Amino acid sequence: MTSSETSRYVRLRVELVLEIAEAEALTGAALERIAADEFMPDEERAHARSAVREDEAEAIAYLVDPFDLVSEVPGVDLAQASWSSEQIEYDPDAKEWDLDEEDGDYDEDESDESDESPDGARP
């Protein structure tokens, strides 16, 4: 594939686990952000305030903006972004949190394309 045939779009996947060290500071910062949002309708603002008071994950969602992650990267424009946050159980020693593991680990029980002949038929 030549460079003119390659996509100009790149999907950047980032997964973070945050420890809430000061819940009051987090909630306060989220409430300040909500209050400062001049484009948020009043009904949505009331719902947002309630949500961040009840759930630190909601507060994180109001404070973390994917645009901030790439706004200073030269030569790129953010085309689309979505993000979510949720409270989780976290054990840094558990295998599921091993950051060296790749997504979509290969399962040896799954079919292996290398077993196929060139015409796609199974031996």
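Tutor: Happy to! Let's start where α1 passes α3, which it does in a left-handed crossing. The residues in contact are A23, L26, T27, A29, A30, R33 and I34 on the α1 side, and E56, A59, I60, Y62 and L63 on the α3 side. Sorted by class, this contact holds nine nonpolar residues, one polar residue and two charged ones. Please keep in mind that this is a predicted model.

Now for the geometry. Two packed helices are described by the angle between their axes and the distance between the axes. Helix α1 covers residues 23-36 and helix α3 covers residues 56-63; their axes come within 9 Å and cross at roughly 45°. The two helices, α1 and α3, are therefore oblique to each other.

Let's stay with α3 and ask which of its residues are buried. They are A57, A59 and I60. Looking down the axis of α3, you would find these buried residues within an arc of 155°, so they line one face of the helix. What lies over them includes α1 and also α2, which spans 42-54.

That brings in the second partner. Helices α2 and α3 pack with their axes 5 Å apart, at an angle of about 125°. This makes α2 oblique to α3. On α2, the contact is made by A48, A51, V52 and E54; on α3, by E56, E58, A59 and Y62. By class, the contact of α2 with α3 has five nonpolar residues, three charged ones and no polar ones.

Is T27 buried or exposed? With a relative accessible area of 16%, T27 is buried, since the cut-off for buried is under 20%. Setting aside neighbours within four places in sequence, T27 touches V52, R53 and A59. A59 is one of the buried residues of α3, and V52 is among the α2 residues that contact α3.

Finally, let's step back to the whole chain. The chain has four helices and zero strands, giving the pattern α-α-α-α along the sequence. Buried residues account for 12% of its 123 residues. Of the contacts between residues at least 6 apart in sequence, 43% join residues at least 24 apart.

Conventions: Residues are numbered from 1 along each chain as its sequence is written. This is a predicted model: local features need pLDDT of at least 70, side-chain atom pairs count only at pLDDT 80 or more; totals for chains, interfaces and linings use all residues. Side-chain values use heavy atoms; hydrogens and water are left out. Axes are lines fitted to C-alpha atoms, for helices over the stretch in contact, and angles run from 0 to 180 degrees between N-to-C directions. Angles under 35 degrees count as roughly parallel, over 145 as roughly antiparallel, 65 to 115 as roughly perpendicular and the rest as oblique. A crossing is left-handed if the near helix is turned anticlockwise from the far one by less than a right angle, and right-handed if clockwise. Contact means heavy atoms within 4.5 Å. Ala, Val, Leu, Ile, Met, Phe, Trp, Tyr, Cys and Pro count as nonpolar, Asp, Glu, Lys and Arg as charged, and the others, Gly among them, as polar. Buried means under 20% relative accessible area, exposed over 50%, partly exposed in between (1.4 Å probe, protein chains only). The arc is that of the directions from the helix axis to the C-beta atoms.
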